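Work through the exercises below with the sequence and the model open. Each task is followed by a solution in steps.

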Amino acid sequence: MHAQESSDHDTYNPLSRYHTVGSLLKFSFPTLCMMVFSGLYTIVDTIFVSRLVNTDALSSINIVTPMINIIVGLGAMFATGASAIVARKQGEGKDIEARKDFTLIILTVLALGVIIALVGLFFLEPIIYALGANTVLLPYAKEYLSLLFVFAPANMLQVLFSIFLITAGNPGLGFILTLSAGLTNACFDFIFMGPLHMGIRGAALATSMGYLIQTTGGVIFFLRNKGKALHFVTPHIAIPVITESLSNGLSEMVGHLSSAVTTFLFNKTMMKLIGVDGVAAITIIIYSQFLLSTFYIGFSMGVAPIFSYNYGNQNHVHMKRIFKICISFILSVSVLVFSIAMIGGPYLAGIFTPKGSGVYSITKAGFLIVSFSFLFSGVNIFSSALFTALSNGKLSAIISFLRSLVLLSIGILLLPLFLGTEGLWLAIPFAEGTTFLVSILFIWKKKEIYHYI
C-alpha cells in the first residue's frame with residue numbers, strides 16, 4: 001500500500017518537485033499576492049466604514065476586533081498546524097492517511113465554528129461590554145458582531161482552505177478566491193453602505209460574503225480533486241492529529257491574541273501622550289504595518305508546505321537549497337520594504353487623513369521610526385513559519401510570542417517613560433530587532449536536526 005501511495009504522491013504532488021529559485025518564487029507568488037491583496041482590501045474596508053458611515057462605527061469595529069482575532073486565530077492555528085502534518089505525511093508516502101487527517105480537521109473546525117456562533121449570539125451583549133464598548137458604541141457593535149458570529153464557521157473554514165490549497169499544490173486557486181472575495185467585499189461595501197444605506201451591518205454582510213466565496217470555492221475544489229494528492233475522504237477519529245495540530249499551530253493563535261492586547265496598550269499609552277489624534281495615528285501605522293508585512297507572510301506561507309514535504313521525505317539536499325533561496329529572498333525584500341516604508345509612509349498616511357492635519361504629522365513622524373522594524377520582521381516571520389512547517393510548534397510559538405506580545409508590550413510600557421512619543425514608536429523596531437537575534441539563534445541551534453544549513 002505504501003508503495004502505491006508513494007507512486008501517487010510523486011506523480012501528482014507539486015511539493016516533490018526539484019525547486020530552483022524561479023520555480024520556488026513561482027510556487028509562492030500566488031500566496032504572496034493573496035496576502036498582499038488581503039492587506040489592501042482590509043484597508044479599503046476600513047476606509048469605507050469611516051467615510052460612508054461614521055467614526056463611531058469605525059470605533060465599534062476596533063472594539064470587537066479582539067473577538068474576530070480569536071475566531072481567525074483558531075482557524076489559522078488549525079490550518080498551519082494541520083497542514084504541516086498533512087504535508088509531512090505526504091512526504092513520507094502516506095497519502096491515504098494524510099487525506100483522512102485533512103478531512104478530520106475540516107470537520108473539526110466546522111463543528112467548532114458552529115459552537116462559537118451559537119455561544120457568541122447567546123452572550124452577544126455581555127461579550128461586547130466585556131470588550132470595552134459603551135452605550136454609544138453598543139448598537140453599532142451588535143449589528144456588526146452578530147453577523148460575523150453567524151458566519152464564524154465560514155470565516156474559520158476560509159482560513160483553512162487558503163492554507164490547504166497551498167498544501168494541495170494549487171496556490172493559484174487560493175489567490176483567485178482571495179481576489180474574488182476581496183473584490184466582492186469592496187464592491188458590496190460601497191453598495192450596502194452607500195446607495196442602500198445599510199450602515200455598519202452592510203460592512204459585516206459584505207465581509208461575510210467574502211468568507212463564503214473562499215469557503216465555497218475550497219469545498220468545491222476538494223470535492224472535485226479526486227485522484228489527486230489531497231481531497232475529501234471518509235475521515236478517521238484521530239485525537240492525536242487534532243492535539244498535534246493545536247500545539248503545532250499555537251504560534252498563529254498567539255499572534256492573533258497578541259495583536260488584540262498590544263493594540264489596546266498602544267491606544268491607552270498614546271491617549272496619555274497625545275490624545276485622540278495620537279490614537280488615530282497609531283491605528284494608521286498598525287494597518288500600514290500589516291499591509292507591508294504581508295510580503296513576508298505570503299512568501300513564508302507559500303514555501304512552508306515545501307519544507308514540510310522535504311522534511312518528511314528526508315531530502316536534506318533540497319532542504320539546504322530551498323532554505324538558502326528563502327533567506328536570500330527575505331533579506332532582499334526586507335531592504336525593499338524598509339525603503340518603501342521610509343519613502344512611501346507619508347502617502348500611506350494620506351490615504352486615511354488629509355495632509356497637513358495633526359494626525360498626518362504624527363503619523364509621518366512615526367513612520368520614520370517604525371520603518372526600521374521591517375529590516376528584522378521578515379526573518380522573524382519566516383523563522384516562525386519554518387519551525388511550524390517542521391512540526392516544531394514550540395519554537396515557532398516562542399518567536400511569535402516574543403515579537404508580537406512580550407517584547408512589544410515591554411517596549412510600549414517602558415520606552416515612552418524615557419523617550420515620550422518617540423519611545424512608543426521605537427517599541428516596534430525594538431521588539432522586532434530583539435526577536436531577530438532569537439530567531440537567528442534558534443535557526444543555528446537546530447541546523448543539525450533539520451539539515452537546512
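**Exercise 1.** Where is the place of Ser371?

*Solution.* Ser371 belongs to the loop between helix 14 (358-370) and helix 15 (374-389). Helices here are DSSP runs of H or I with at least four residues, numbered from the N terminus. The model is a predicted one, in which local features need pLDDT of at least 70 and side-chain atom pairs count only at pLDDT 80 or more, while totals for chains, interfaces and linings use all residues. Residues are numbered from 1 along each chain as its sequence is written, and side-chain values use heavy atoms, with hydrogens and water left out.

**Exercise 2.** Determine whether Ser371 is buried or exposed, and list its partners.

*Solution.* Step 1: the relative accessible area of Ser371 is 1%. Buried means under 20% relative accessible area, exposed over 50%, and partly exposed in between, with a 1.4 Å probe and protein chains only. Ser371 is therefore buried.

Step 2: the side chain of Ser371 reaches the backbone oxygen of Phe367 at 2.5 Å.

Step 3: with neighbours within four places in sequence left aside, Ser371 is in contact (heavy atoms within 4.5 Å) with Phe338, Ala341 and Met342.

**Exercise 3.** Describe the aromatic pair of Phe48 and Phe190.

*Solution.* Step 1: the structure holds 13 aromatic pairs. Rings of Phe, Tyr and Trp (its six-membered ring) pair if their centres lie within 6.5 Å; planes under 30 degrees apart count as stacked, over 60 as edge-to-face and the rest as tilted.

Step 2: Phe48 and Phe190 are 6.5 Å apart centre to centre, with 50° between the planes, a tilted pair.

Step 3: Phe48 lies in helix 2 (residues 21-52) and Phe190 in helix 8 (residues 171-193), so the pair ties together parts 142 residues apart in sequence.

Step 4: Phe48 is partly exposed at 21% relative accessibility, and Phe190 is partly exposed at 43%.

**Exercise 4.** Which domains does the protein have, and what area is buried between them?

*Solution.* Step 1: the domain assignment gives domain 1 (16-237) and domain 2 (248-452); such bounds come from an automatic or database assignment.

Step 2: the centres of domain 1 and domain 2, taken over C-alpha atoms, are separated by 21 Å. The contact takes 42 residues from domain 1 and 38 residues from domain 2.

Step 3: about 3,600 Å² is buried between domain 1 and domain 2, and carbon and sulfur atoms give 76% of this area. Buried area is the accessible area (1.4 Å probe) that two parts lose on being put together, summed over both.

Definitions and conventions. Helices (H or I, at least four residues) and strands (E, at least two) are DSSP runs, numbered from the N terminus. A polar contact is a pair of N or O atoms within 3.5 Å; within protein, one must be able to donate a hydrogen and the other to accept it, and residues adjacent in sequence count only if both atoms are side-chain atoms.
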